[in-house]
Amino acid sequence: MMYSADANRYGDMQYRRCGNSGVLLPAISLGFWHNFGNITPEEQSRAIVRAAFDAGITHFDLANNYGPEPGAAEQRLGKFLHDDLSSYRDELFIATKAAYDMWDGPYGSWASRKHLVASLDQSLRRLRLDYVDLFYCHRYDPFTPLEETLQALVDIVRAGKALYVGLSRWPLDATLKGYDYLRQHDVPCLIYQGRFNLFDQTPKAEGILDAIAQNQTGFISFSPLAQGLLTNRYLNGIPSDSRMAHDPRYLHADMLTPQVLNKIKQLNELAVMRGETLSTMALSWILHHPGITSVLVGASSPAQLRQNLSALQSPKFSEEEQQTITNILHTNTP
Ligand SMILES: NC(=O)c1ccc[n+]([C@@H]2O[C@H](COP(=O)([O-])OP(=O)(O)OC[C@H]3O[C@@H](n4cnc5c(N)ncnc54)[C@H](OP(=O)(O)O)[C@@H]3O)[C@@H](O)[C@H]2O)c1
């Protein structure tokens, strides 16, 4: 199947320009935070990667610490790249990150030059790659001079270890300074990664989405399904194979309060009226938002991933539907 440059489509996948760069990213990208560590059977992870690539998902998002154990997700993808995808390296856009806790001692975390450079070298070894397409500073470091972090990102690109750089979870003022510094050093920030979904619209409230539009960078939304809350997963209890039941490192049962469950049920009713699943509607709502380059989904099976792709065909939201969503999100009755 040929890629259509006019329509930015390849097969059913839609590609969106990342800010004003030359890079096109799939509207749906795959995250490796969960389902690629040592607690997931290797063949399950492999099937998800294959299903993603076959569906045109060319962008894989990792970090040094994704596991468990930290590093396991990069190691696993490195194996799949070697076994299955070595001839497709140039069809893939692979991201990794550093700045969260990774190894013991004073250099194993945060965003000093020492940590960023050493961590990326470790990531490249685990991924069995010479370079990554995108390297993020995973969080803002209030203890390190901003210039040290940003110059390390510039130097990483100059050294050929990453083609582009991005910022994740940075506050607005540091992000704006980061954009300026990187632009002045001819390594413009490609993309900002932040949590943006129906339940958490912080990047909009804090002005990050406006800053992105003004600076013409991309934006990729992580946890677009609120780790599975914005799906049909928890409508009738907590299934034993769900993230909340078997890997509750970041998604705890006490996050499923009666108020949250009530909102999920009402959103699900709206999705049914639109003729789609809640996960499809939740992804579609983000993708219809101005300035969004891609949604970074997690999936524990190829079937989930395929279902999520239907968000690409989902219709726009009418004003009435938008109002219904606003009302649901602001209700606090259990
Ligand atoms: N920059 C950062 O600091 C940061 C932070 C967090 C995440 N991220 C990135 O964002 C990626 C995605 O995060 P996430 O895994 O939290 O994303 P998510 O898409 O919000 O949640 C993924 C989970 O939702 C459930 N799910 C997905 N599709 C479904 C469907 N069609 N039907 C029912 N359930 C479905 C699955 O849960 P079950 O496992 O229960 O089946 C899946 O594991 C990460 O992998 C990572 O790359 C970045």
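I looked up Asp180 and found it partly exposed, at 36% relative accessibility (partly exposed lies between buried, under 20% relative accessible area, and exposed, over 50%, with a 1.4 Å probe and protein chains only). Arg183 is partly exposed too, with a relative accessible area of 39%.

A note on what I am reading: this is a predicted model, where local features need pLDDT of at least 70, side-chain atom pairs count only at pLDDT 80 or more, and totals for chains, interfaces and linings use all residues. Residues are numbered from 1 along each chain as its sequence is written, and side-chain values use heavy atoms, leaving out hydrogens and water.

Next I checked how Arg183 and Asp180 meet: their side chains form a salt bridge at 3.2 Å, N to O (a side-chain nitrogen of Lys or Arg within 4 Å of a carboxyl oxygen of Asp or Glu). Both sit in helix H5 (residues 172-184), three residues apart, about one turn of the helix. Helices (H or I, at least four residues) and strands (E, at least two) are DSSP runs, numbered from the N terminus.

Then I turned to helix H2 (residues 72-83), where Asp83 and Lys79 lie four residues apart. Their salt bridge spans 3.7 Å, N to O. I found Asp83 partly exposed at 39% and Lys79 partly exposed at 30%.

Which residue forms a salt bridge with Lys97? I found Asp61, with the closest N and O atoms 2.6 Å apart. This pair links distant parts of the chain, strand S6 (residues 93-98) and strand S5 (residues 59-61), 36 residues apart. Lys97 and Asp61 are both buried.

Last entry: my search of the whole structure gave 19 salt bridges.
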